[in-house]
Amino acid sequence: MKKVLALILLTVLVLSLAACGNKPENKPTDPNQGAAEGSVLDAALWSLRYDESVWTYEEDDFTDDEEYSGITLTIPDGEESYIVNAEISAVIDTPEDFRGYLDSYGFDAYEYAENNAYELTAIGGVDCLKQEGNYWGEPCLRYFGRVENANTTVFIEIIGEYEDQRVNDLLSGLSFKITDIGNVDCPWPWNGEAFSAEDATVSVGSKKINSQWIAFEESFVTAETFDHQVAVVGNNVYILGDDALKQYSMSNNKLTYVKDIELDGDYEYITSAKDGSLWVSGLSEDLLNVKDGAVVKTFEDTDNVAMNYGGTWGINWFSSSECEKITVSGDALTREAITFPEVDTISELFVDDDYIYVCGNAVDESGHKVFVYDTAGTLKLTLADEEGESLGSITYVTKTSDGFIGLDGNMRDVVLWNKDGTFVGTAEDGDLFSTNYPWFCDGTLTSDNSLFVIMTEERADESAMELVAFKLSGF
């Protein structure tokens with residue numbers, strides 16, 4: 001009996017051990033499952049597993065819908081500071097943002113698209129470009145990628161101590177939700193159809209304004225909508241923008257690139273003088289006088305400067321109505337205060353040998369207008385719309401033989417006024433320039449009394465935004 005009982009106990013023990021040996025490990029099949037694996041945020045375009053004891057976010061920092069999912073999480077360092085700030089987003093949209101990232105973060109679009117010249121890093125299932133830089137002085141790591149067939153751009157920006165292991169842990173818990181919808185992106189700029197326009201004539205009052213397209217020999221592709229300036233000296237056209245001053249030669253209604261003129265600083269405004277020189281200025285930058293491609297004079301402590309055609313005086317301005325009138329004599333510059341009390345905030349300012357044109361919001365809250373002063377600062381005229389009320393945003397204005405002409409950037413109109421400031425009428429951009437939705441950047445009078453105008457316009461095939469140029473006459 002004892003032998004039988006022992007045999008029974010041995011059999012039970014063996015079976016018990018066998019059962020224990022076959023027991024599966026207690027691991028979830030989904031890495032997003034289980035409290036030990038962290039909390040999960042399940043957005044429309046991504047899923048994120050994260051450790052909520054490390055990362056925090058506010059309700060306003062999380063946006064989620066069918067076409068955009070974005071969140072900003074932080075590792076806090078006190079109430080108002082952080083060790084790391086992490087932004088994660090995915091958007092279903094055109095490739096414009098992605099191509100803008102290429103330009104902003106130092107990648108050559110052609111090398112990326114045609115030659116696969118850059119190493120890619122897989123983040124959340126998407127191959128991304130990696131860029132290490134800074135954000136307002138803080139170290140910053142960025143990943144961004146484009147999934148063309150899903151019409152989706154992903155973007156990740158880590159600000160602060162991005163080499164912290166907790167950042168790697170966060171990114172390892174990210175998975176983008178990508179759906180192939182058969183999308184084909186618009187062409188790259190070099191494969192797209194360049195802008196072109198026909199000559200046009202538009203009646204404004206008794207005037208017939210003539211428009212003539214001036215083609216760049218090679219398209220001027222740009223990512224900057226607003227900040228381009230132009231000056232014309234004889235057959236030379238100078239374009240300030242995209243962090244460069246470019247010289248072109250104009251012949252037979254075509255602009256041919258000549259060279260870049262090196263400038264040391266961040267410059268925003270350019271005007272030409274009758275001696276063939278250029279005046280170049282920008283906020284907190286020296287005022288430069290450039291001739292034959294070289295800086296010949298430098299004056300310190302100026303902001304934006306609009307110089308007269310004679311090159312002898314100008315207005316040093318920013319946004320306040322309290323400005324300076326500067327006078328140049330040889331290598332000396334003198335200053336005197338000048339105030340434009342009718343203006344609350346200045347958006348643009350121009351001068352010629354007879355007038356100072358101050359474009360901005362009126363102090364009486366009647367909107368955006370052009371206040372025309374004599375050279376001593378006495379108000380002579382106010383240029384407004386047909387009802388004497390607000391214009392859109394005048395980006396250039398000057399006198400004509402019969403009055404004044406302006407470019408209204410917001411309304412996309414060319415505007416005419418009589419000598420007494422009476423509104424005459426407008427010509428719409430589509431009728432005059434064959435454009436769809438341009439931004440009028442700047443203008444300048446030429447020696448033949450034409451108005452040389454530059455504007456930015458997106459191509460019809462959306463492959464690029466171009467800077468385009470026209471000459472206007474008949475006004």
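Strands here are DSSP runs of E at least two residues long, helices are runs of H or I of at least four, and both are numbered from the N terminus. Two strands pair if DSSP finds at least two bridges between them. You are looking at a predicted model, where local features need pLDDT of at least 70, side-chain atom pairs count only at pLDDT 80 or more, and totals for chains, interfaces and linings use all residues. Residues are numbered from 1 along each chain as its sequence is written.

Next, color the open sheet of seven strands, which pair antiparallel in the order β3-β4-β5-β9-β8-β7-β6. Select β3 (62-64) and β6 (121-123): these are the edges, and each has a single partner strand, so one side of each lacks a neighbour in the sheet. From one strand to the next, the twist averages 25°.

Now zoom in on residues 126-135 (β7) and 138-147 (β8), antiparallel strands joined by seven bridges. Pick K130 and you will find its bridge partner, Y143, in β8.

Then show helix α2 (residues 96-104), which packs on the sheet and touches β7, β8 and β9 (152-160); contact means heavy atoms within 4.5 Å. The direction of α2 makes about 140° with that of β8; axes are lines fitted to C-alpha atoms, for helices over the stretch in contact, and angles run from 0 to 180 degrees between N-to-C directions.

Last stop: helix α4 (residues 165-172) also packs on the sheet, touching β4 (68-76), β5 (82-92), β8 and β9. Its direction makes about 20° with that of β5.

Conventions
Heavy atoms only, no water.
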